[in-house]
Amino acid sequence: MNSIKKQLAILGSTGSIGTQTLDIVRTHPDRFGVYALCARTSVEKLIAQAREFRPVVVCIADESLYAPLREALQDLSIDVRAGDDAIAEMVTAAPIDVVVAAMVGYAGLRPMMAALQAGKSIALANKETLVVAGELIRRLATEHGADILPVDSEHSAIFQSLVGEEGNEIEKILLTCSGGPFRTWPIDRIARATAEDALRHPNWHMGDKITIDSASYMNKGFEVIEAKWLFGVDVERIQVLVHPQSIIHSAVQFRDGAIKAQLGAPDMRLPILYALTYPERIATDLPRADLFRVRDLTFEEPDTTRFPCLALAYQAAARGGNVPCIMNAANEVANLAFRQGKIPFLRMAEIIEETMARATFIPNPTYEDYVASDAEARHIAGTICKFVNL
Ligand code: MG
């Protein structure tokens, strides 16, 4: 097994998870090969990555960037493609062993479905796809015998805690949360927070969209729904614990009362690597958590008055159907509007709540229903934000 290189297709290769995945490939060239790289708009970074890793295929989602990409790589024998259709087709190529799904937001849904239908293993960082269409994704994975291996640090911790526990019922999932940059801020200060304040995350270095979601706890709400679909546990049995040290990455409580957790330094490369090598653990020089230096591991209940997005996610999961899809679309609009300085921080939760109340409810959505719900919710949220055509 050690002599066979796993061939990766990395979607979102220029983002935070994508570049850290390539760090791992660089460190373990005997283990992993890069078959395909894909980015949405970061064409310069994609060109540099293609020149370094020499994939078979490179794809840019934004079709207007096809010409400069092709020109820059014309001296290499790399198949250059563009557009969403090309991405969905690319992930089904026979030599690909694992699709690293690290693109941001709803855009990940279609390629994820195509990869599952082709029976590919997915290393999943794009939690929005499970939030939007968890039931559909689960069904496709089962039908096509495709594995979904979590990259999200919390879900990786839960997954690691469940190794060897097949058949043992989960009583409760303990989902930890750093608390983000506003954990100790009073609500009137949060109301005045800027995008710059929100982008100063205390423990994790991530992309801009997810860092804002972390500050608002929308990210934690998404993770509750992600855990529901990954591990088949109702959200009433998923408890969020604010744990500011980010050393315990999450835990599982079993029916005998035992709790198993996974601990480590907050470094995304560990969960990425585990998703790529599972069930094997390979030697690394990644940072170690020094528990003598950490000393205290503390826990608080999340405050849904200051961080209402977490409560909205529980509501969306309880209502089911297309409501999580509506919530996600409204959040993508609100998150961007906040980053652009167009709305204040707490307005994001209001926009999401109002969109969830106004958009058409569909109890058993098909893929086409999700596409329509996403568009309707974006329109409603955009109108509330006072700008349309997002
Ligand atoms: Mg996480």
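Predicted model: local features only at pLDDT ≥ 70, side-chain atom pairs only at ≥ 80, totals over all residues.
View 1. Ala-39 stands opposite Ile-60 of S3. This pair belongs to the region where strand S2 (residues 32–39) and S3 run parallel, joined by 4 bridges. Between S2 and S3 the chain passes through helix H2 (residues 43–53), in a β-α-β crossover that is right-handed. Ile-60 also has a bridge partner in S4, namely Ala-82. S3 pairs with strand S4 (residues 79–82) in the parallel sense, again over 4 bridges. Helix H3 (residues 66–72) forms a right-handed β-α-β unit with S3 and S4. S3 itself (residues 57–60) is covered on both faces: Val-57 and Cys-59 are buried on one side, Val-58 and Ile-60 on the other.

**View 2. The protein donors of the magnesium ion.** Asp-152 (OD), Glu-154 (OE) and Glu-223 (OE) lie 2.1 to 2.2 Å from the ion. Along the chain, these donors follow the spacing D-x1-E-x68-E. Asp-152 has a relative accessible area of 8% and counts as buried, because the cut-off for buried is under 20%. Glu-154 is buried too, with a relative accessible area of 8%.

**View 3. An open sheet of 4 strands.** The strand order is S9-S8-S10-S11, and the pairing is mixed. Strand S9 (238–242) and strand S11 (259–263) are at the edges; each has a single partner strand, so one side of each lacks a neighbour in the sheet. From one strand to the next, the twist averages 20 degrees. Strand S8 (residues 170–177) and S9 run parallel and are joined by 5 bridges. Within this pair, Cys-177 stands opposite Val-242 of S9.

**View 4. Helices on the sheet.** Helix H7 (residues 153–161) packs on the sheet and touches S8, strand S10 (248–254) and S11. The direction of H7 makes about 40 degrees with that of S10. Helix H11 (residues 218–231) lies across S8 and S9. H11 runs at about 150 degrees to S8.

**View 5. The largest nonpolar core.** This core has 137 residues, and Phe-231 and Met-327 have the most contacts inside it. Its largest share, 10 residues, comes from helix H15 (residues 323–339). Leaving aside residues up to four places away in sequence, Met-327 touches Val-131, Met-218, Phe-222, Ile-225, Leu-312, Ala-313, Ala-316, Ile-352 and Met-356. In soluble globular proteins, nonpolar side chains tend to be buried together.

Terms used:
Residues numbered from 1 in each chain as written. Heavy atoms only, no water. Buried < 20%, exposed > 50% of the residue type's maximum accessible area, 1.4 Å probe, protein only. Helix = DSSP H or I, 4+ residues; strand = E, 2+ residues; numbered from the N terminus. Pairing = 2+ DSSP bridges. Right-handed = clockwise from strand over helix to strand, strands pointing away. Donors = N, O, S within 2.8 Å, 3.2 Å for Na, K, Ca; no water. Core = buried A, V, L, I, M, F, W, Y, C linked by side-chain atoms within 4.5 Å. Contact = heavy atoms within 4.5 Å. Axes fitted to C-alpha atoms, helices over the stretch in contact; angles between N-to-C directions.
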